[in-house]
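This briefing covers a protein model, topic by topic. Please view the sequence and the structure first.

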Amino acid sequence: MSAGAEIPNLVRGRDIGADRILDADVAIVGSGPGGSIAAYRLAAAGARVVVLEEGGYHTRPEFRMQEEWSYPTLYQDHANRATDDLSITVLQGRSVGGGTTVNWTTSLRTPPTTLDFWKRARRVEGVTAEALAPHWDEVERRLNVHTPEEGEINENNRALLDGAKRLGYGFELLPRNVSDCVLTGMCGLGCPVDAKQAMHLTYLPDAAAHGAVIFANCRVRRLTRRGRRVTEAAADVLDESRDRPAGPTLTVRARTFILSAGAINTPRLLQRSGLPDPYRIVGRRTWLHPTLASAAHFDRKIEPYFGAPQTVGSHHFAIRPGRIGFFLETPPAQPMLAGLAHAGFGPEHRRAMKELPNTAVLIALLIDGFLDEEHGGTVGERGGGRLSFRYDRGPALAEAMREAMKTMARIHLAAGAREVVTFHEPPLRLRTERDVARIDEASVAPNRCGVFTAHQMGGAPMGEDPGIAVVDSRLKHHFFDNLYVMDGSVFPTSLGVNPQISILGLSSLAASALAKAG
Amino acid sequence: MVSREDPVSGITRRQLVRRGIVGSLLFAAAGATAAFWWPTRRRRPRPGLRVLDEREAAILSAVADTVLAIEPGVPSADAVDVVGRVDALLARSPGDVQREFARLLHLFENGTTGLITATGWTSFTAAAPASREARLRAWQTSRISLFRTGFQAMKRLCGACYYSSPVSWAAIGYPGPPDLA
């Protein structure tokens, strides 16, 4: 276990007593994977870097594996973020390290098919597997990305492996960014042993070692511009206990600005700042990997809350021509997440909760954004400056939701489940293949079937055509000479894999080019 | 992108479906049930609660009991202080969210909502357990999107706030996080 050393040069909101104005070469908004690796690359090249993070700075001593602390503290909107109609639950990180502090460690590179699609359909240039390879190689070394050992597969993941094997579906062991993992299964709550190589343990201290200064609890309200340049970022210092502005403000003047606040918050900041958007594309085409879940009760202990999550995955159904593909993973299931996610209420909900020790859970992540009929999510504002977020559902999504749920049910039944419980309202109970057909009849209308997202992408897409892209293929804003976006919002579609390595690789590529250009 | 039209007039069904819960609830309250709308009686907050008033706390407590289906011998929603936990969450949320949630509670309590969902016209807190269940079931599967949204808000909050408490764990066989010492 590491000593859990603090990041040097990190300032918390509570340490800022009065308004401050700072000058820097580079101001970065957000300390997730994009902002952290950009901070490191640019600071290492000699730039004076300032990182502004709205979330708090939280480290191992606080990560006591308690959902009641972690979700409200480490996630956006205290883990209550959702589409306006609550039909899609949005799990998105919000602390120093961003999503990397709470993600489930899966570390896969962008699929070549996705990169090819961007080049062909969205005019992205130079973002190829070859160009990204050296960056990925380095990132994977720094984060100790490696494939788990056989003995690290818990019963929950074993059910996916067994079921897929019996049905002849392809599956793979998923690489993870951990060192000396002790398999608590609590990755989503902040790693209690600093095994997960999150940004607050890797690229942020690396950046700080080169002089980068990181401000926690500082929410950027607005960017100011003059002509084709952004001149300053104005931030409110937050009182963390109340999650409201504490009074003091922090203003950063810089030569270059990089937005790394994540899909949803980066587009919101662009909108809030009133930056030109003549084609009305900012905040549109937001992709989520809309995620369905399926639970199954076994006659043996599964303990889905312990052991490494997502050691086994399946991309067998990722490519379904003309339809929305999906991939399968195995989430951790601690009681709060289970209590929130399980469908139904009253005795049926209670029964599902009492089965938790014998429950295996699968998730299917729909690979959205590749069909012409898809519009994805739209980020905007509703009254009082509040975030508005909607997601458009077409027939292709409904078809994929049903196929994904049927596939998960079949896998669990093939693995020996006594019954499968779906996340429909009310839930279906399935015991045989004949029962599985009932999924075709059940409503998948909003709030008739649980949908989640832990992967937010798009909203400020990259590409050479300013009519469909906010930033170019180097991630520079089409209309501003010193404004960049380096986070998941630049992806023109969803990825088909968990996003952290894609964000790190692409941001590393772009930040290195920016550092070279001086 | 920003919609600012009057939430209670000239609204199409499609717009209703696409609106946030605030607009939808106003629509339901003012548009459909104005004549029966229960006036919100603000009372002195009970000690410890920062956002919810007495009446809202009572409604939430009744909803939590129905959602969680606590059996004999299992810690009740009050034993876990579901109301206090929801209140603490609300205290850190924006004012709009607090007001929206209060409106939702009043809509649950409102006997007229029972009429719309054909589950009787008594208030939620005064209804018998079976009637409360029927009311929640009607919201869960309603063809009106705002009721389904309201059901999800209640179910998720109650589920999350109850099962995140260590007090609830023994009864569902969760041994708690591993001991790393």
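Predicted model: local features only at pLDDT ≥ 70, side-chain atom pairs only at ≥ 80, totals over all residues.

Residues are numbered from 1 along each chain as its sequence is written, chains are lettered from A and ligands numbered from 1 in the order in which they are written, and side-chain values use heavy atoms, with hydrogens and water left out.

**Interface of chains A and B**

- Contact, meaning heavy atoms within 4.5 Å, involves 62 residues of chain A and 55 residues of chain B.
- The two chains bury about 4800 Å² between them, 54% of it on carbon and sulfur atoms; buried area is the accessible area (1.4 Å probe) that two parts lose on being put together, summed over both.
- On the chain A side, the most area is lost to chain B by F345(A), R350(A) and R386(A), together 17% of what that side buries.
- There are 5 salt bridges across the interface, a salt bridge being a side-chain nitrogen of Lys or Arg within 4 Å of a carboxyl oxygen of Asp or Glu.
- K155(B) and E425(A) form a salt bridge, with their closest N and O atoms 3.5 Å apart.
- Elements of chain A that each supply at least two residues to the side touching chain B are α2 (67-74), α8 (335-341), α9 (347-354), β17 (377-382) and β18 (386-391); helices (H or I, at least four residues) and strands (E, at least two) are DSSP runs, numbered from the N terminus.
- α9(A) gives the most to that side, with 6 residues.
- By class, the side of chain A that touches chain B has 24 nonpolar residues (Ala, Val, Leu, Ile, Met, Phe, Trp, Tyr, Cys and Pro), 20 charged (Asp, Glu, Lys and Arg) and 18 polar (the others, Gly among them).

**Aromatic pairs**

- The count over all chains is 16 aromatic pairs; rings of Phe, Tyr and Trp (its six-membered ring) pair if their centres lie within 6.5 Å, and planes under 30 degrees apart count as stacked, over 60 as edge-to-face and the rest as tilted.
- Y305(A) and F306(A) make an edge-to-face pair, at 4.9 Å centre to centre and 85 degrees between the planes.
- Y305(A) is buried at 0% relative accessibility, and F306(A) is buried with a relative accessible area of 18%; buried means under 20% relative accessible area, exposed over 50% and partly exposed in between (1.4 Å probe, protein chains only).
- Ring pairs join Y305(A) and F306(A) with W169(B) and Y174(B) in a cluster.

**Helix α4 of chain B**

- In α4(B) (residues 82-91), 8 of the 10 residues are buried, among them V82(B), D87(B) and L90(B).
- The buried residues of α4(B) pack against α2 and β11 (244-259) of chain A, and against α3 (54-68), α5 (95-109) and α8 (145-163) of chain B.

**Salt bridges**

- The whole structure holds 37 salt bridges over all chains.
- D25(A) and R255(A) form one at 3.6 Å, N to O.
- D25(A) lies in strand β2 (residues 20-29) of chain A and R255(A) in strand β11 of chain A, so this pair ties together parts that are 230 residues apart in sequence.
- D25(A) is buried at 13% relative accessibility, while R255(A) is partly exposed at 49%.
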